[in-house]
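Q: I would like to go through this structure step by step. Could we begin as soon as it is on the screen?

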Amino acid sequence: MIKIEKLHKSYPIGKDSLHVLKGLDLHIKEGEFVSIMGSSGSGKSTLLNIVGLLDGHDEGKYYLNGQLIENLDEKKAAILRNKFLGFVFQSFNLITYKTALENVALPLYYQGMGRKERQVIALKYLDKVGIKERADHLPSELSGGEKQRVAIARALVTNPKVVLADEPTGALDSTTSGSVMELLKEISREGMTVFVITHEEDIAAGTDRIVRLRDGVITSDEKTKQKVNA
Amino acid sequence: MFNLDRWIEMFQTLSKNKLRTVLSGFTIAFAILLFTLLFGIGNGLKHTFERDFAGNAQNSIYINSGRTTKPYKGLQSGRKIQFRNDDTKFLNEKFEEEIQFFSPSIERFNVQAIYKGEQNRYWVGGVYPDYQPLEEAVIQDGRFISVLDVKQRAKVITIGRLVKKDLFGNKNAIGKNISLDGISYRVIGVFTDPGGDNDERKIFTPFTTAQGMYSENDELDYFGLTYNPKLKVDQALVFSNLLTKILKEKHNIDPRDQGALRVYNFAEGAKGVQQFMMVLNVIILFIGIGTLVAGIIGISNIMVYIVKERTKELGIRKALGATPSSIIGMIMLESIFVTALAGYLGLLIGVFSLKAIGSGLEEYFILNPSVEQYVVVGATIILVIAGTIAGYIPAKRASRIKPIVALNDE
């Protein structure tokens, strides 16, 4: 599903440049539940941005769903994001003046789907994440856990190939974190590729595969015991 | 292409962000309102001047007599200069070429006019038929003084519209007899005058009749004439100077004496008025452009602020699959809609305010404040375009920002 070969990325800082990713190789198969572990500055967010087509890379090859990603203009990237990728952010990134339902329906709007149809589908996904009854509430009226559920529903609503979660539990307490991870696990069991970025050991431990990143290189890549148990 | 969903999305964004919408709308509405009011009031001033300086033929010259202020050729100063019928003849023969219309006049102020129970006091002038184009009087009913009236010393009068209104109300005045200082005159005509109220409270009678009214003599009060309209302003001034010089010679007046003869050449006034109107126009234009520029700057600032404020939202939309063009389209649609609607609102309020003011400010020299429709519509279009451009530039920039940068924008 995601295949990365010798990926390099650096950011210009003044006249110098900061080499963040130093030749990564990574292959994630369809339906995998993978976590990228690393401390801040390890390059994990950069990796997610590149995988999520939110940012370009300098060198190496990146295949998404078998398609080589190169020379992507903004418009093509937007379409691919909409079609293949769902995002879950640490700070939720819900649009504050839209209700939960409208937030979830927004990706479908950009697919050009009709209004009624959008709402039916969005409601279905809100139901799936267990907060159907909060559909008409604004983000400011929802708890952190509920907001993240709305964000997950929004990430799923286009039925993408990959769900990218950037510190999805970073702003949540441990109980809520647990239930959000449960939800992500459930999604991956249904066959969706889920890609989680975190710096918390126990969160990473909840996934099937942990890729450790340090100073722009992969230091370890191992399956967790859960996978063996499953 | 009309897309209902886009409009629904826009209305939702606008109504959920009321402060923002109202703020940008208010700027535009207020700019247009100010523009309309200032422009309208400026036009009101213009109308007042147009009215006050209209009312007499622009190529007319009036010659009045006074007392000498300098001794000349053994004659003392303070001597009264009196025009007589031979002056009429003299001028007529001397300037046959240059003169278009010419009428000697006798004037009496505060003449009591009585018709049945109604009475009032008016200015009465004894004139020749040529006086009608001089005064630019327009006959509404009946006729003006004729050559025959002058020849026959007929006791007839042509009265101003307001004289008729005062004495006759809505009734017919033609053929009725009015008493002027105890002498009965038959009304033969009613006239209107673009010069306004004062000029419409006048009464004209044949020159010869007026000359014989109080005493039999050949005295007269002043001359009114228009010169050949083919003369240019400068030529007209030369003509009036020559006229003055010759008339001074005839009456033994020192050429430097300013008091004995007073010559009003409207060409001089017209020149001044024209210059003044031009200055007024420039001021109005300046005010208008200033208001517009202020409005444009205002809406530009707000648009920049709005887009800045929405950076994160735009980042979210992009992450969810919004293309750059859909982002630009969204912002533009909103800004055009808001500016056009608010601009129209400001326009309506402005135009209605001007209507409401109407003649209420006439004592401050503001007459019928109004704006030409094309001016205001043009101004509104300019502001809408400005708002669009002001929205487009930051929208374009926002659409280029990488979503990840926008998302990190707190």
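**A residue and its contacts**

Q: What does B:Leu333 touch, not counting residues up to four places away in sequence?
A: Under that condition B:Leu333 touches B:Arg6 and B:Met10. Two residues are in contact if their C-beta atoms, placed from the backbone, lie within 7 Å.

Q: Before we go on, what kind of model is this, and how are its parts numbered?
A: This is a predicted model, in which local features need pLDDT of at least 70 and side-chain atom pairs count only at pLDDT 80 or more, while totals for chains, interfaces and linings use all residues. Residues are numbered from 1 along each chain as its sequence is written, and chains are lettered from A and ligands numbered from 1 in the order in which they are written.

Q: Back to B:Leu333: where is it found?
A: B:Leu333 is found in helix α11 (residues 324–357) of chain B. Helices (H or I, at least four residues) and strands (E, at least two) are DSSP runs, numbered from the N terminus.

Q: Why does B:Leu333 count as partly exposed?
A: B:Leu333 counts as partly exposed because it has 18 C-beta neighbours inside 10 Å. A residue is buried if 20 or more other C-beta atoms lie within 10 Å of its own, exposed if 12 or fewer, and partly exposed in between, with C-beta atoms placed from the backbone.

Q: And what separates the C-alpha atoms of B:Leu333 and B:Thr388?
A: The separation is 8.6 Å, although the two residues are 55 residues apart along the chain.

Q: How many residues of helix α10 of chain B are buried?
A: Seven of the nine residues of α10 (residues 311–319) of chain B are buried, and the helix is mostly covered. Among them are B:Leu314, B:Ile316 and B:Ala319. Just after α10(B), B:Gly321 takes a positive phi of about 115°.

Q: Let us turn to chain A. How many helices and strands does it have?
A: Chain A has eight helices and ten strands. Of its 230 residues, 46% count as buried.

Q: Where is confidence lowest in chain A, and where is it highest?
A: The lowest confidence is in helix α8 (residues 225–229) of chain A, at a mean of 52, and the highest is in α3(A), at 92. For chain A the mean pLDDT is 87, and 97% of the residues reach 70 or more. The term pLDDT is the predictor's confidence in each residue, from 0 to 100.

Q: What is the strand order in the open sheet of six strands?
A: In chain A the order is β6-β7-β8-β3-β9-β10, and the pairing is mixed. Its edge strands are β6 (85–88) and β10 (217–223), each of which pairs on one side only. Two strands pair if DSSP finds at least two bridges between them.

Q: In which sense do β3 and β8 of chain A pair?
A: Strand β3 (residues 33–37) and strand β8 (residues 193–198) of chain A pair in the parallel sense over five bridges. Within this pair, A:Met37 stands opposite A:Thr198.

Q: What about the open sheet of four strands, what is its order?
A: That sheet of chain A has the order β2-β1-β4-β5, with antiparallel pairing. Strands β2 and β5 (67–68) stand at the edges with a single partner strand each, so one side of each is left without a neighbour in the sheet.

Q: How many bridges join β1 and β2 of chain A?
A: Strand β1 (residues 2–13) and strand β2 (residues 16–28) of chain A pair over ten bridges in the antiparallel sense. One bridge partner pair is A:Lys3 and A:His27. The hairpin of these strands has two residues between them, and there A:Gly14 takes a positive phi near 60°.

Q: And what joins β4 to β5 in chain A?
A: Two bridges join β4 (residues 59–64) of chain A to β5(A), and the strands run antiparallel. A:Tyr63 stands opposite A:Leu68 in β5(A).

Q: Last topic: which residues have the most contacts inside the largest nonpolar core?
A: They are A:Val104 and A:Val163, in a core of 107 residues. A nonpolar core is a set of buried Ala, Val, Leu, Ile, Met, Phe, Trp, Tyr and Cys residues joined through C-beta atoms within 7 Å. Helix α2 (residues 18–53) of chain B gives the most to this core, with nine residues.
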